[in-house]
Amino acid sequence: MGAEPIPCLILACGNTLREDDGIGPRLAEWAAEHWRSDVRIRILSRQQWTPDLASDIAAAQSVLFLDCSIESNPGCAAVHPVHPATARSGLNTHHFGAPELLSLSRDLYGAMPRTALLLTVGAASLEFHEGLSATVQAALPRAIDLLKSAVCDLLSNTGATSQSHSA
Amino acid sequence: MTQTITIDPVTRLEGHGKVTIQLDEQGNVTDAHFHVTQVRGFERFCEGRPFYEMPSLMARICGICPVSHLVASAKACEAIMSIRIPHTAAQLRRMLNLAQMVQSHALSFFHLSSPDLLLGLDSDPAHRHIFGVAAARPELGRAGIGLRRFGQHIIELLGNKRIHPGWVIPGGVTEPLAPAKRDEILALLPEAYSNIQIALNWYKQIADTFQSEIEVFANFPSLFMGLINEDESVEFTDGALRVIDAKGAIIEDGVTATRFTEIIGEAVEPYSYTKFAYYKPLGYPQGSYRVGPLARLNIAQSMGTPLADIELKQFKQLALGPLQSSFHYHHARLIDILYGIEKIEQILSDPLILDKHVRATAGVNRLEGAGQAEAPRGTLMHNYKVDENGLITWANLVIATGQNNNAMNRGVLQAAQHYIQNGKFTEGILNRVEAVVRTFDPCLSCSSHAFGQMPLHIELLASTGDLLDTVSR
């Protein structure tokens with residue numbers, strides 16, 4: 001864990017070879033370019049979330065998870081608050097969701113971000129294919145608006161001072 | 001009526017496998033198998049590709065130990081090129097391979113096996129996972145995550161990616177080590193030392209409580225094999241093969257990659273897509289042997305680093321001669337990690353480590369080449385043939401998990417026969433059977449390879465479970 005807490009951690013998950021599953025990394029790529037000089041924001045993109053990320057989360061004042069959803073309507077972008085998982089049965093080492101990561105961060109490091117949000121976009125197709133489906137591609141501008149708005153809210157909640165390069 | 005117990009999938013492994021246990025009419029175990037149920041086919045689809053593509057192609061086999069494939073593959077290519085790589089390049093590769101070993105062993109010990117070791121093999125499976133470890137002993141969970149990050153961070157610094165890094169190529173590495181990266185790695189060392197000491201101290205305190213498992217977790221005489229230096233210290237990237245028998249006598253020594261096919265053969269069984277390697281002079285299955293952390297420590301006289309040497313001395317005092325129980329893989333894995341951290345520090349103090357000469361070049365000078373290296377879970381060999389244009393015409397990979405395959409199957413049978421009596425078993429007993437497999441830390445995605453014509457046996461079952469027809473190839 002770093003000595004200085006990061007005001008905002010953006011943590012994306014997804015496989016860019018499985019069509020809409022790549023929406024998380026795609027948004028993270030956009031965020032990395034958009035906030036490339038903003039030291040308040042750290043962006044990590046992974047094919048899958050693993051327990052090792054608990055230490056990054058514990059070192060953040062706020063976190064925004066980015067993922068696709070198979071439960072939402074295709075192309076539907078939404079932001080939800082996330083809370084630590086309480087039910088721990090049925091877990092395995094191959095999949096950790098945002099709530100599980102938060103609880104692991106709390107149990108291992110005694111620290112958790114003050115605010116945690118999850119931005120999801122409903123998947124239309126998860127076939128073997130690079131690029132997004134037309135439905136999710138069309139939803140990208142809305143998802144980016146939500147991403148900008150969520151990061152803005154998280155930064156203001158943490159009281160982090162604004163950076164000249166942030167948009 | 002006979003009965004089959006199926007454990008599918010075996011949990012907390014790298015990849016997907018299952019265990020079947022056959023019971024007789026009295027409910028006692030007659031046979032048991034560990035099945036690897038996935039097939040890959042890397043040897044086939046690389047045919048026709050230029051040999052210099054092989055390291056990056058082959059590294060895609062696995063997300064856990066791609067570096068070992070990079071290294072073994074590059075060495076096979078260098079045998080085709082007939083070149084010797086610069087000293088600095090060899091040292092940098094060694095560091096990368098050790099970093100991978102540390103992170104992979106940390107995954108195996110902390111994420112996959114520590115729930116059994118800390119919470120107990122009979123504990124509630126709903127809590128027997130990394131979350132349970134985090135709640136019960138957070139310092140252990142932090143140590144595991146810390147060691148994973150240590151290894152992954154070094155891999156990312158050197159290879160620019162945490163998983164499937166490039167950088168290692170036939171002839172050496174693509175770029176030298178920058179001073180800033182060296183300093184960054186040096187700064188990681190104190191925390192890594194602290195984390196492995198936490199784990200070693202804890203493991204040595206609890207190991208005795210598993211005496212009954214030590215007795216039946218693949219505890220039998222076998223051969224052991226691994227890479228070793230001329231001074232009989234452990235080696236992960238160069239060195240030559242040594243094989244010892246169950247009493248510790250050296251039966252092969254100094255076997256270089258060009259000669260490994262003289263002593264290693266491969267067999268296939270109809271129930272698994274993983275091959276079964278064996279020591280040729282003894283034939284199959286009598287020549288089955290074990291590789292990996294336990295084998296490395298059994299064949300070596302020293303680790304070659306001060307702290308790990310102290311641990312090796314204590315480890316060897318646990319038995320007269322080679323340790324035979326695969327339960328000791330856990331302990332050996334931790335000593336490997338300590339060695340890896342120390343060795344990385346040694347490599348960084350090499351006065352030539354920042355040297356700019358890190359790559360040799362050549363074309364095709366031989367039509368066949370082989371390379372070997374130690375992967376976290378044991379010795380790995382890549383063997384290629386090329387045409388005059390350097391295009392791959394044949395490839396074979398001998399994977400650590402395949403070399404442990406017979407011992408894993410014997411271990412599963414041994415544990416099943418010990419624990420399952422009169423058809424009675426509990427979840428904790430089945431978990432023990434799985435835990436035998438976990439001691440080897442098999443990497444199933446790496447190990448699934450065709451060799452010749454794989455035997456195929458299909459059974460057609462009715463909805464009642466009655467056998468309607470069988471087809472065999």
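**Close-ups of a predicted two-chain model**

**View 1. Meet S62(A) and its partner.** In β5(A), S62(A) has T115(A) as its bridge partner. The two strands involved are β3 (residues 62-69) and β5 (residues 115-122) of chain A, and they pair in the parallel sense over eight bridges. Two strands pair here if DSSP finds at least two bridges between them, and helices (H or I, at least four residues) and strands (E, at least two) are DSSP runs, numbered from the N terminus. This is a predicted model, where local features need pLDDT of at least 70, side-chain atom pairs count only at pLDDT 80 or more, and totals for chains, interfaces and linings use all residues. Residues are numbered from 1 along each chain as its sequence is written, while chains are lettered from A and ligands numbered from 1 in the order in which they are written.

**View 2. The whole sheet of chain A.** Five strands line up as β2-β1-β3-β5-β4 in an open sheet with mixed pairing. β2 (41-46) and β4 (77-81) of chain A sit at the edges with a single partner strand each, so one side of each has no neighbour in the sheet.

**View 3. β1(A), covered on both faces.** Six of the six residues of β1(A) are buried (20 or more other C-beta atoms within 10 Å of a residue's own; 12 or fewer makes it exposed, in between partly exposed; C-beta atoms are placed from the backbone). C8(A), I10(A) and A12(A) are on one side, with L9(A), L11(A) and C13(A) on the other. β1(A) runs parallel to β2(A), joined by six bridges, and I10(A) has I43(A) as its bridge partner in β2(A). β1(A) also pairs with β3(A) in the parallel sense, over four bridges; there, L11(A) stands opposite F65(A).

**View 4. Helix α15 of chain B.** How far apart are the end C-alpha atoms of helix α15 (residues 427-440) of chain B? They are 21 Å apart, which agrees with the 20 Å that its 14 residues should span at 1.5 Å a residue (the expected span is 1.5 Å times one less than the number of residues). Eleven of the 14 residues in α15(B) are buried, including L430(B), N431(B) and F440(B).

**View 5. Where the chains touch.** Chain B brings 17 residues to the contact and chain A brings twelve (residues are in contact if their C-beta atoms, placed from the backbone, lie within 7 Å). On chain B's side, α6(B) gives the largest share, six residues.

Methods. Contact = placed C-beta atoms within 7 Å.
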